[in-house]
Amino acid sequence: MKISTKGRYGLTIMIDLAKKSGEGPVSLKSIAKENNLSEHYLEQLASPLRNAGLIKSIRGAYGGYILAKEPKEITAGDVIRVLEGPLTIVEGIEDEQPAQQSLWLQIRDAVKGVLDRTTLDDLANHENDEPQDAYMFYI
């Protein structure tokens with residue numbers, strides 16, 4: 001499973017909104033500038049997030065976006081599913097051997113578990129630890 005830029009940038013929008021929750025609307029322009037991202041691309045991501053009821057848009061000179069719910073009520077899984085679709089590790093597992101099917105389902109459930117128990121509040125208040133080294137496995 002690979003999370004695309006849609007999911008990553010969408011989560012960036014949501015974390016920024018969670019950090020500024022209660023302070024009024026936040027413009028996508030400011031989020032784009034703070035994170036060195038394309039404002040146009042963020043606008044494309046805001047629409048499905050709004051349609052899913054995760055954010056609300058506020059019009060006007062001081063408009064922008066706010067979370068539609070409290071940061072503790074929105075999970076990373078909610079955001080990823082809206083932007084990436086259903087969480088699947090391997091497609092066509094029904095053709096695999098039972099042991100392999102079981103493995104893929106366990107991996108999917110573990111990923112879903114992490115995403116579904118991690119809230120925007122958790123991410124917004126995450127302590128800035130040293131970044132972990134990424135593991136790369138080659139087969």
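Helices here are DSSP runs of H or I with at least four residues, strands are DSSP runs of E with at least two, and both are numbered from the N terminus. This is a predicted model, in which local features need pLDDT of at least 70, side-chain atom pairs count only at pLDDT 80 or more, and totals for chains, interfaces and linings use all residues. Residues are numbered from 1 along each chain as its sequence is written, and side-chain values use heavy atoms, with hydrogens and water left out.

**The whole chain**

Along the principal axes, the C-alpha atoms fill a box of roughly 60 × 35 × 25 Å. Of the 139 residues, 29% are buried; buried means under 20% relative accessible area, exposed means over 50%, and partly exposed lies in between (1.4 Å probe, protein chains only). Contact means heavy atoms within 4.5 Å. Among contacts between residues at least 6 apart in sequence, 62% join residues at least 24 apart.

**Helix 1**

Select residues 5-19, which form helix 1, and find D16 there. The 15 residues of this helix should span 21 Å at 1.5 Å a residue, and the end C-alpha atoms are 21 Å apart, which agrees; the expected span is 1.5 Å times one less than the number of residues. Its buried residues include G7, G10, L11 and M14. The elements covering the buried residues of helix 1 include helix 2, helix 3, strand 1, strand 2, helix 4 and helix 6.

Now show the side chain of D16. A salt bridge is a side-chain nitrogen of Lys or Arg within 4 Å of a carboxyl oxygen of Asp or Glu. Beyond its neighbours within four places in sequence, D16 is in contact with I31, E34 and N35.

**The salt bridges**

The structure holds three salt bridges. Select K20 and E34, whose side chains meet at 2.9 Å, N to O. This pair links distant parts of the chain, 14 residues apart: K20 is in the loop between helix 1 and helix 2, and E34 is in helix 2. Next select R81 and D116, which meet at 2.8 Å, N to O. R81 is in helix 4 and D116 is in helix 5 (residues 98-117), 35 residues apart. R81 is partly exposed at 28% relative accessibility, and D116 is partly exposed at 33%. The side chains of R108 and D109 also form a salt bridge, at 2.8 Å, N to O.

**The nonpolar core**

A nonpolar core is a set of buried Ala, Val, Leu, Ile, Met, Phe, Trp, Tyr and Cys residues joined through side-chain atoms within 4.5 Å. Select M14, L17, L42, I55, L67, V79 and L120: among the 28 residues of the largest core, these touch the most other members. Two or more residues come from each of helix 1, helix 2 (28-35), helix 3 (39-51), strand 2 (64-67), helix 4 (76-84) and helix 6 (120-124). Helix 1 gives the most, with six residues. Centre the view on V79; apart from residues up to four places away in sequence, V79 touches G10, L11, M14, L49, L54 and I74.

In helix 3, select L42, L45, A46 and L49, which are buried. At the start of helix 3, a side-chain oxygen of S38 reaches to within 3.4 Å of the backbone nitrogen of H40. After helix 3 comes G53, with a positive phi near 80°.

Move to N36, in the loop between helix 2 and helix 3. N36 is not a glycine, yet its phi is positive, about 55°. Is N36 buried or exposed? At 72% relative accessibility, N36 counts as exposed.

End at G63, in the loop between strand 1 (55-58) and strand 2. G63 is buried, with a relative accessible area of 18%. Leaving out residues up to four places away in sequence, G63 touches P25, S27 and I58.

Note on methods:
A polar contact is a pair of N or O atoms within 3.5 Å; within protein, one must be able to donate a hydrogen and the other to accept it, and residues adjacent in sequence count only if both atoms are side-chain atoms.
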